[in-house]
Amino acid sequence: MSNMFGRRYFSLKKLRDYAVDLDLCPHPPAEGLMEFLEREGLLTPVRRLRFPDEIPRRLASDRHESVSIAGPIEPDGPRLDAAITLLNGISHWSDARIYGESEHVLDALADEHRPFIQTDFSPAAFTPWQNLSIHLYDTDRGPVYSTAAQDTPAFYHYWQVFWLATILRSGVHLWFPLDDQALYTEVLSGGAVSCEGLRRRSQQSINLEAYQELQSLREYQAHFEAVGYFEAYTHNALQTFQSDRDENGRIPARPWQRYLRREREIAQDTLSRSDLGEGALVEFIGKQCEWWDNARRVGPSALSNEYKRNIRSTIMLVRAATGIDSQDVVQRVGRRTGHFRPTLEVIFPDWTEEQRDLTVRSLKHWADESLASLPNPFPVSEAELNGFCDWLEERGLYQYYWHFRRLVDLQNRDDPVHRAASSAEVVGFATLCEMIANEVLRDQGREPRGDTLPRKLKKIFNTNGPVDLGAMFDRYYALTNTNRQSLPRRLAQIARINAGGPHSPVLRALLSLWVIRNEGAHLGLLQFDPARIVEMIRILSLASLMLWKAR
């Protein structure tokens, strides 16, 4: 799948392929359809190269020296030079790393290039595509003609795919009895409209909603063009900073600040040339939210994702140009769909907040069930759960949320592949619990490097901790041996331990963490059913809270 989003100019072929990439149709739209759309003014190119016949013949002559050229060719001179610089300018603009940042030659029309570039695509200016071909040369097998794609290419903007999506969803659907050979023949001959039998024996459906959407899209053409210009030119500028990347692929602070200044300049220039202001762009964001919601409902999902990308680019444009705060944009756009919160929060949910909420809800259920009756400090309130999440985030342990998200995604799938994936998440979660133990020791001023998990647990749960479990860890050490019994059997034995008095649940959870961590690290966790996976996650979650509370 090619990434066409944000491209300033691309060919008809790229637009047709883009439609397939977005699942608008199973095959590229027919060239005949695209020609019809241009003829009727429904979807037209924005530029087309129209060289005099002599120039394509000269270029063909330079490529094929032994052929018989079919007519006059362009001699060396200013006109040929202008044609070549135009073609090179189009080709080179996409690689600013080599050729530097510049204005696109199809935007900045030089006087010497203007005669070669068609910009009027009104119905009166339409030329049938077959008339665009040029007789280039003759061979033993017959004459060779240029193709429109090669010598008279048409160029489109990426955002015109939204027009194309609506057009492809429009039109008339016709159902008729396929076993009627006469009707079938009439339809194939193109006589569907005039066939009286078809009118009597058919059912038609007309998509008027798509027609209305197309009219709405056209009203915002200048807005789409502004966002497209900003997206393409900031990408062009960003390429010139690639050489500043460090060994991790990041652009250091100073070059990045220079890029942000350049982004602001491009954004302000975009608004100036489009004559659009902050209010118009915020309204455009809201309108795109409506189109996004419609694409989300009627499909395809790839189209709604592309609207999402364009909405993001619009927000970046208005922020860079005016300095408006993101939250102000969210509030001003408001609710443009049927959701019960601002639409931009629906389209761009804060991943951390969303996963944090999922994690707190899961932990609260388990903590209320298993920790509430324990001695202090182990009971956990909802406020403390949020404090636990703050603590994780301060230490960069966002993996905690990731494991919860992945396990929720996998919990309703029970096949070998998803069992293996769930088991891998448990191994990762157990490792993360050890990382939490490391951070607890650092909070206490002790360095965990060089210690195994058992030694870390003994340091945290000693005479200076909330409960001294060192002797108990030694007493049940044999249960942590991976050579003697299976993990389910050892976990079952640990679950029956009553030693430790009121702290026995703490002992059981930490021993379970120990054995799950050992088993996962040395042997892997395989062939566990979903119920056991969930139980191990519950145990590890409780152990992580106990470690945190033992700070």
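A salt bridge is a side-chain nitrogen of Lys or Arg within 4 Å of a carboxyl oxygen of Asp or Glu. The views below come from a predicted model. A search of the whole structure finds 41 salt bridges.

**View 1. R356 and D390 form a salt bridge.** The closest N and O atoms of R356 and D390 are 2.8 Å apart. R356 belongs to helix α17 (residues 351-370), and D390 belongs to helix α18 (residues 382-394), so the bridge ties together parts that are 34 residues apart in sequence. R356 has a relative accessible area of 10%, so R356 is buried. D390 has a relative accessible area of 35% and is partly exposed.

**View 2. Shared partners build a salt-bridge network.** The members are E394, R395, E439, R442, D443, E447 and R551.

**View 3. E213 and R169 meet in a salt bridge.** The distance between the two side chains is 3.1 Å, N to O. The pair links distant parts of the chain, 44 residues apart. E213 sits in helix α10 (residues 208-219). R169 sits in helix α7 (residues 160-169). Both E213 and R169 are buried.

**View 4. Helices α11 and α12 pack against each other.** Two packed helices are described by the angle between their axes and the distance between the axes. Here, α11 covers residues 221-239 and α12 covers residues 253-274. Their axes are 9 Å apart, at an angle of about 155 degrees. Angles over 145 degrees count as roughly antiparallel. Therefore α11 and α12 are roughly antiparallel to each other. The crossing of α11 and α12 is right-handed.

**View 5. A salt bridge joins E225 to R273.** The closest N and O atoms of this pair are 3.8 Å apart. E225 lies in helix α11 and R273 in helix α12, so the bridge ties together parts that are 48 residues apart in sequence. Which of these residues counts as buried, and which as partly exposed? E225 has 19% relative accessibility and counts as buried. The cut-off for buried is under 20% relative accessible area. R273 has 43% relative accessibility and counts as partly exposed.

**View 6. L178, Y184 and L188 form a nonpolar patch on the surface.** Together, L178, Y184 and L188 have about 340 Å² of accessible area. Y184 is placed in helix α8 (residues 181-188). With a relative accessible area of 34%, Y184 is partly exposed.

How values were computed. Residues are numbered from 1 along each chain as its sequence is written. This is a predicted model: local features need pLDDT of at least 70, side-chain atom pairs count only at pLDDT 80 or more; totals for chains, interfaces and linings use all residues. Side-chain values use heavy atoms; hydrogens and water are left out. Patches are made of residues with over 30% relative accessible area and no salt bridge: like charges are joined within 9 Å, nonpolar side chains (Val, Leu, Ile, Met, Phe, Trp, Tyr) within 5 Å. Accessible areas come from the Shrake-Rupley method with a 1.4 Å probe; for residues, only the protein chains shown count as cover. Helices (H or I, at least four residues) and strands (E, at least two) are DSSP runs, numbered from the N terminus. Buried means under 20% relative accessible area, exposed over 50%, partly exposed in between (1.4 Å probe, protein chains only). Axes are lines fitted to C-alpha atoms, for helices over the stretch in contact, and angles run from 0 to 180 degrees between N-to-C directions. Angles under 35 degrees count as roughly parallel, over 145 as roughly antiparallel, 65 to 115 as roughly perpendicular and the rest as oblique. A crossing is left-handed if the near helix is turned anticlockwise from the far one by less than a right angle, and right-handed if clockwise.
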